[in-house]
Amino acid sequence: MARVAKRWLSFGVRRVLPALAILTLLAAALLLARDAAGGSNRFGAYYSWILVASAISLGVLILIIAQRLLRLSRELQRRIPGARLTRRMLLMLIGLAVPPVLVVYGFSLFFLNATIDTWFNVRLEKGLNDALEIGSAYLGERLRAAEGNSTQLAHDLADLSDTELQSHLDSAIDTRGATQLTVFGNDRKVLATQSADPRFLNPVYPDANALLQIKDSGRYAAADHLGGDNGLILRVAMPLGDATAGRERMLLALFPVPQQIQPLTAAVEQANFDFQRLKFLRDSLKLTFSLVLTFVLLLSALFGVLTAFGVARRLTAPISRLATATQAVGAGRYDTPLPVASDDELGFLLNSFNQMQRELELASGRLSRSALETDSQRTYLKAVLERLSTGVLGLDREGVLRTANHAAETILEAPLSRYVGQHLTVVRSQRADLQPMIDPILAHMREGAREWREEVVLEAGGSERRVLMLRGAELGSAGDDAGIVVVFDDLTILNRAQRDAAWAEVARRLAHEVKNPLTPIQLAAERLRRRFIGRLPPDETEVLDRATHTIVNQVEALKAMVNAFGDYARPPMIDARALSINALTSEVLDLYENDQRIQLTRNFAASDPMLRADAVRLRQLLHNLIKNSLEAMSGERKPHIEVSTTEGEIGGRAFVELAVADNGPGLPEGFGDRWFEPYTTSKVKGTGLGLAVAKKIAEEHGGSIRAENRPSGGAVFTLWLPRDAA
Amino acid sequence: MPFSKSTHKLIFTAIVVLAASACSRGSPAAFAVRSASVERGSLGAQLDWRPSALMLDALDHGIALDFEVTVEAQGTSWLGWRTTIGKARWRRELRYFPLTRQYQMRDPENPSGTSETRSYPARASLIAAISDLRLPLPAGWLGGNNSTAVDRYTLRIDLQRDNLPGALRLPALIDADWRLSTGIYAWPASRNAG
């Protein structure tokens, strides 16, 4: 209810009140102009009210305009869409409306004053005055004639008695051409009267002014206005005969002005009367008309301003809504359809905007879905890339690194994600070890090769070398600047596996091709010894003994080597069982305990870690490592071997670490993974298979082996084997 | 207030001067009842009227001056309130006729009534005539009441600005010269014969 009342009140203030004020001002201006121009006084009694109402109306209009200006000012301060456009249009409309009104006002004032002044022509005034003079002269002439007539009549009546007067007047009224003839007695009593006009049946005694004139000059003669449309009457009054006490009588004679003259004199008098009145009212007329014009000016100006407000609002409202909706669209909201209230260009614009908004909404939906799909694809691609064992680098056309997967970082052992966004030359300058890889990439990019492949070797310090197979390809079709992708694999392991397989084949062939003839050779040599030693001369016997001994020894050596190769080439058949690493190690070390050449130190983990391993193979591994150390320390005076076991965790997996350290000369320069390959040894008598077999056994158990120099001197071979989960 | 005495004096003097000037504005057109009486069925009133030059000029230029004369006979009710027993009203118009060079005082509501129309050859005579008014009271103006019930009479004479020409009414609203009114002049009924 209150809301309805408030709405009606708002409607009244915004719509009805300005209209009422404008109508009041208009009515006031019209009434004032009508009264001033016509000289009527129809609304004379309401002048004060009209002026008060006009002032109130003006005040109301000014207040309404001030309120709207204030509201516009606030909207401008708040940067409400459309406010600035409203201000611009308002100024433009006011600029269009008010100056013409002011110009018209100024010219109207000028012409008003000029026009009113032209009314008072000197010649016209003189003409009117002259006409008036003529009229006066004529009336004077008539008055003198009436006066003469009256004087004669008074002379005739002077000697008559009161009773004779009436009969005389009855005849004189016609002969004298009078309208009324009356004789008054000394007590103002009518002694006799005669009238030729029914309007003058009642004689009126001369007033004090006439009596005073009679007293002064012996008679009264004047042309009197009868009032209304009755015109003029010539009035003559004079005493009759001697004015003896008690017999004062007075003759009052009224004479008409000729009928044909009456309207002329009346017209002349009225014209002069009007002219003089206008002359007197000249300034008042100017003031009144100026006031009326000012009312009209204010009315027009204020109406213009109010209309400008309305028009500006009406014109800018759709644009304001459009601006608001545009902001909403800019913010990604498409739920503000604009009402289309007209079928003009603005309506067309709003329709187009609504259509654009709908299409944007659809496009945005499609874009969102597409973005989601792209994001999903990117995530998927990233996951794929991250899980690829192949290194992948994404480069733009300029050679700037755009992406690098985890495998690339792992293979290259470089935090490539740190270099994303930087040119490869920057990477090269900071990671010189990657130069053998980066240079070919940049070279192929310079050449513009669409697809290429190249094998590069990276030196990772020491004797460690990695062989990478690079493959590069342009992304996108020809002409696109999508950049290139470089994929690479670490061929080192593959190569090693290939070598391992080759060595295994060698070992297998040795076992079959070499080991089989060895036994007959050895048997033949022993038969020769048995048959000919002691039967030949001593010199020859010694030669034979030495030769057959050499044959047998070398065959034994060859057998040992072939067996070693056989061990290396044997397929992994592990009989894994739970065992204690400490116990196993102790068991092996016990075999060397009595060897006076070396000093053994055991440093086992107190927790006694358990393993799942093939005890035979693990024992062989330990023998190989200890043997390798003993051979390495062959020149040492106090060879010392320290064997230790510890528990540890690498990457969340529990490991048992077994370290065999010696105080020998340490690892040869350039020692690396290659030394764990078959037939790689620095020893004169070594088969070159000890470390290779050790590494193979470690890998068969899911572990690894690594060699490094000790800071205090000597080398340490560290074996990591997974702990038994049970 | 941190104003000195001299400031107070200055403000007071300014107010007095303004008030005096405002009062003096009305003096050129002094219009007041000097004495009045109701005797032998007529109203007699003596006025003090010194018409302003503007008003005389208007009169000479054909502007009719319309005066309304109102007399009331008042009694006292039993509650002590004043009641109007009778009321009479006249209108007298002063105007100039250039052809006959006469000034005239007449009843504008009955312009052809010769008994109420008086002509004067001079303006001074006209002003003297309206300054010494004698107007016949209509019969039965007391509405059948006994004249002894009348306690007092009041008289008021006003220039009817509403009847001025249209162009003059607006200035007449502003100009004090045109605000002619005697106000209410009252006198006890005992002073009259009745």
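**View 1. Helices H4 and H7 of chain A cross where their axes come within 9 Å.** Helix H4 (residues 122–157) and helix H7 (residues 262–280) of chain A cross at roughly 140°. Helices here are DSSP runs of H or I with at least four residues, strands are runs of E with at least two, and both are numbered from the N terminus. Axes are lines fitted to C-alpha atoms, for helices over the stretch in contact, and angles run from 0 to 180 degrees between N-to-C directions. H4(A) and H7(A) are therefore oblique to each other; angles under 35 degrees count as roughly parallel, over 145 as roughly antiparallel, 65 to 115 as roughly perpendicular and the rest as oblique. The crossing of H4(A) and H7(A) is left-handed, a word used if the near helix is turned anticlockwise from the far one by less than a right angle (right-handed if clockwise). On the H4(A) side, the residues in the contact include A:Leu128, A:Leu132 and A:Leu139, and on the H7(A) side they include A:Val268, A:Ala271 and A:Phe275. Two residues are in contact if their C-beta atoms, placed from the backbone, lie within 7 Å. By type, the residues of the contact of H4(A) with H7(A) come to 7 nonpolar, 4 polar and 2 charged. Ala, Val, Leu, Ile, Met, Phe, Trp, Tyr, Cys and Pro count as nonpolar, Asp, Glu, Lys and Arg as charged, and the others, Gly among them, as polar.

A quick word on what you're looking at: this is a predicted model, where local features need pLDDT of at least 70 and side-chain atom pairs count only at pLDDT 80 or more, while totals for chains, interfaces and linings use all residues. Residues are numbered from 1 along each chain as its sequence is written, and chains are lettered from A and ligands numbered from 1 in the order in which they are written.

**View 2. Helices H8 and H9 of chain A pack at an angle of about 15°.** Here you see helix H8 (residues 282–330) and helix H9 (residues 345–387) of chain A, with their axes 11 Å apart. H8(A) and H9(A) are therefore roughly parallel to each other, and H8(A) passes H9(A) in a left-handed crossing. H8(A) brings A:Pro318, A:Leu322, A:Ala325 and A:Val329 to the contact, and H9(A) brings A:Leu346, A:Leu350, A:Phe353, A:Gln357 and A:Leu360.

**View 3. Five strands of chain A make an open sheet, and a helix packs on it.** Follow the 5 strands in the order S12-S14-S15-S17-S16; the pairing is mixed. Two strands pair if DSSP finds at least two bridges between them. Strand S12 (599–603) and strand S16 (704–709) of chain A are the edge strands, each pairing on one side only. Neighbouring strands of this sheet are turned by 20° against each other on average, direction ignored. Within the sheet, strand S14 (residues 640–650) and strand S15 (residues 653–662) of chain A are antiparallel, with 10 bridges. To find one of these pairs, look for A:Glu642, whose bridge partner in S15(A) is A:Ala661. Helix H17 (residues 690–700) of chain A packs on the sheet, touching S16 and strand S17 (715–722), and its direction makes about 135° with that of S16(A).

**View 4. Strand S9 of chain A pairs with S8 and with S10.** Strand S8 (residues 451–459) and strand S9 (residues 465–474) of chain A run antiparallel over 9 bridges, and A:Glu459 has A:Arg465 in S9(A) as its bridge partner. Another 7 bridges join S9(A) to strand S10 (residues 484–490) of chain A, again antiparallel. There, A:Leu468 stands opposite A:Asp490 in S10(A).

**View 5. Two arginines, A:Arg79 and B:Arg101, have a positive phi.** Most residues other than glycine have a negative phi. Phi is near 55° for A:Arg79, and near 55° for B:Arg101 too. A:Arg79 sits in the loop between helix H2 (47–77) and helix H3 (83–119) of chain A. A:Arg79 is exposed, with 8 other C-beta atoms within 10 Å. B:Arg101 lies in the loop between strand S4 (82–97) and strand S5 (102–106) of chain B, and counts as partly exposed with 14 C-beta neighbours inside 10 Å. A residue is buried if 20 or more other C-beta atoms lie within 10 Å of its own, exposed if 12 or fewer, and partly exposed in between, with C-beta atoms placed from the backbone.
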